Amino acid sequence: MVSDVAGDIRSVGALVRALCDEDCYVRQEAASALGAMGDPRAVEALIDLLEDDDDEDVREEVAWALGKIGDARAVEPLIRALFDTDKDVREEAAWALGRIRDVRAVEPLIQALKDEEEDVREEVVWALGRIRNAKAIELLKQATSDRSVHVRKAAAEALANIGAKGALMN
């Protein structure tokens, strides 16, 4: 048992070091492995990478990893990632915020409902449904009229998650 813990610590340390590798694929795989492990000791290093890495695929994987870990320290950096230049990073940041379920994300997620990308809006409404905050109900009602069927479906599910009685009737 003790050797398993020591091996786990060494693995996390090696993967955190790999986040600094010059090769973007190594950084991406290290982030993925850390997310799968779910170890909160990696959160600070992942946050640094989310904010500083030039590669959008790395930032996307880091956002996913932070969502899998679910540590509230990642909320503010993930909120900033909601407005990343890359749509996949924005989408993954919304998903991660929905996994973490911190109310600090509600207002930025509401702003992100205006994103031009359908996949981003879909994740945003999913996240709002997971957070279950009443502030989002009116905007989620509006999202049931989105031009994308996927966003409309996600909005209906989000309203059901929040428990907005009669939300679709108005």
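A: Let's start with a word you'll need: a residue is buried if its relative accessible area is under 20%, exposed if it is over 50%, and partly exposed in between (1.4 Å probe, protein chains only). Keep in mind that this is a predicted model, where local features need pLDDT of at least 70 and side-chain atom pairs count only at pLDDT 80 or more, while totals for chains, interfaces and linings use all residues. Residues are numbered from 1 along each chain as its sequence is written, and side-chain values use heavy atoms, leaving out hydrogens and water.

Now the pairs. Side chains of opposite charge can pair when their charged atoms come close. We call it a salt bridge when a side-chain nitrogen of Lys or Arg is within 4 Å of a carboxyl oxygen of Asp or Glu. The structure has 17 of them.

Take Arg59 and Asp84, whose side chains meet at 2.9 Å, N to O. Arg59 sits in helix α4 (residues 56–69) and Asp84 in the loop between α5 (75–81) and α6, so this bridge ties together parts 25 residues apart in sequence. (Helices are DSSP runs of H or I with at least four residues, strands are runs of E with at least two, and both are numbered from the N terminus.) Arg59 is buried, at 8%, and Asp84 is buried too, at 15%.

Arg121 and Asp146 form another bridge, also 2.9 Å from N to O. Arg121 is in helix α8 and Asp146 in the loop between α9 (137–143) and α10 (149–162), so the pair links distant parts of the chain, 25 residues apart. Both Arg121 and Asp146 are buried. There is also a network: salt bridges with shared partners join Lys87, Asp88, Glu91 and Asp119.

Asp102 pairs with Arg104, with 3.0 Å between the closest N and O atoms. Asp102 is buried at 17%, whereas Arg104 is partly exposed at 38%.

Finally, the helices. The axes of α6 (residues 87–100) and α8 (residues 118–131) come within 8 Å and cross at roughly 10 degrees. That makes α6 roughly parallel to α8. Axes are lines fitted to C-alpha atoms, for helices over the stretch in contact, with angles from 0 to 180 degrees between N-to-C directions; under 35 degrees counts as roughly parallel, over 145 as roughly antiparallel, 65 to 115 as roughly perpendicular, and the rest as oblique.
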